[in-house]
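Here are a few exercises to work through with the model open beside you. Try each task before reading its solution.

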Amino acid sequence: MSASKRSLATPLTALLALLLLAALSTAGWLIAAPETGVHPAKTPCQNCHLAAKPESLDKPDQAHLLIASQEVLCQNCHPKATQVSHPSGFAPKNRPPADYPLDWKGDLTCSTCHDIHGKTPGLLRGKRRGRELCLTCHEAAFFSRMKDQGNSVTASGHLDAGGDAPALKLDSYSRQCMDCHGNKGDNPTSIDRNSVVRHGVSSTNHPIGANYADAVKFGGYRPARQLSKRILLPGGLVSCVSCHEGYSKQHGKLVTPKVGSTLCYECHDI
């Protein structure tokens, strides 16, 4: 091919390529990877989306479908956020405003409050934050019935939305609990120098921050695999959320009633 013909072919080929890309994109067939700076960065689309593989490009109507529930997909990177957070994956009694969408099943999910591919801090939708965001769905009476007027659960939708922090004496859940409970009221909860929690409103005292696997080796405790799924051991440590539910209408609710030492026998094998 002569130099003059090559010079004409190059721009023509480029133009055809651009037209083809535009056509595929318009038809919904081109599934691009998330752009730089957009969550989740550097993650292949097929990790979450059903029709994100070349063999599925003839099904553009399925491109928005996920390969699993959002709770399952999100916990791959945010295990602690989904473990102790506002409930998700259920149909709410009252439908939230349109700018806080439910999924195709009518369920409240992670993306009800979070714009998964957004760029806002925390990927939060809208401009409401804190209690104002909670009141988007909940009535004020829902929180006024709580002993602390809902201050504990309206501060954040997650006890810890970040990754696992290195455990010192306390796991990150317990540290956040103690941020409030360690400094409020006439009888605040405290942790003594022996890492024993001293509950200010009762005579209940219990070690915290202890490595549960080490305790099992010592004897007198059930192996972690035999514990109820409600007993959480973040980082393998005994935590506030080992005995208390992180999010509950009854703030501080025990995972199992204390009657007859039932809660104690969840872990203690004596």
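**Getting oriented**

The protein chain has eleven helices and three strands; helices (H or I, at least four residues) and strands (E, at least two) are DSSP runs, numbered from the N terminus. This is a predicted model, in which local features need pLDDT of at least 70, side-chain atom pairs count only at pLDDT 80 or more, and totals for chains, interfaces and linings use all residues. Residues are numbered from 1 along each chain as its sequence is written, and side-chain values use heavy atoms, with hydrogens and water left out.

**Exercise 1.** Work out how the strands are arranged in the sheet.

*Solution.* Begin with the order along the sequence, which is α-α-α-α-α-α-α-α-β-β-β-α-α-α. Next, look at the pairing: two strands pair if DSSP finds at least two bridges between them. The three strands make an open, antiparallel sheet, ordered β1-β2-β3. Its edges are β1 and β3 (205-207), each pairing on one side only.

**Exercise 2.** Describe the setting of Asp107.

*Solution.* First locate Asp107: its loop runs between α3 (79-83) and α4 (110-113). With a relative accessible area of 13%, Asp107 is buried, since buried means under 20% relative accessible area, exposed over 50%, and partly exposed in between (1.4 Å probe, protein chains only). Now list its contacts (heavy atoms within 4.5 Å). Beyond its neighbours within four places in sequence, Asp107 meets Gly89, Phe90, Ala91, Pro92, Leu102 and Thr112. Last, look at its side chain, which has a polar atom 3.4 Å from the backbone nitrogen of Ala91.

**Exercise 3.** Find what the buried residues of α8 pack against, then follow Tyr173 into the largest nonpolar core.

*Solution.* Start at the beginning of α8, where a side-chain oxygen of Asp171 comes within 3.0 Å of the backbone nitrogen of Tyr173. Helix α8 (residues 172-181) has Ser172, Tyr173, Ser174, Cys177 and Met178 as its buried residues. These pack against α3, β1 (190-191) and α10 (240-243). Tyr173 also belongs to the largest nonpolar core, of eleven residues, including Val84, Phe142, Leu232 and Val241. Such a core is a set of buried Ala, Val, Leu, Ile, Met, Phe, Trp, Tyr and Cys residues joined through side-chain atoms within 4.5 Å. Apart from this core lies another, of seven residues, among them Tyr212 and Leu263.

Notes
Polar contact = N/O pair within 3.5 Å; in protein donor to acceptor, adjacent residues only side chain to side chain.
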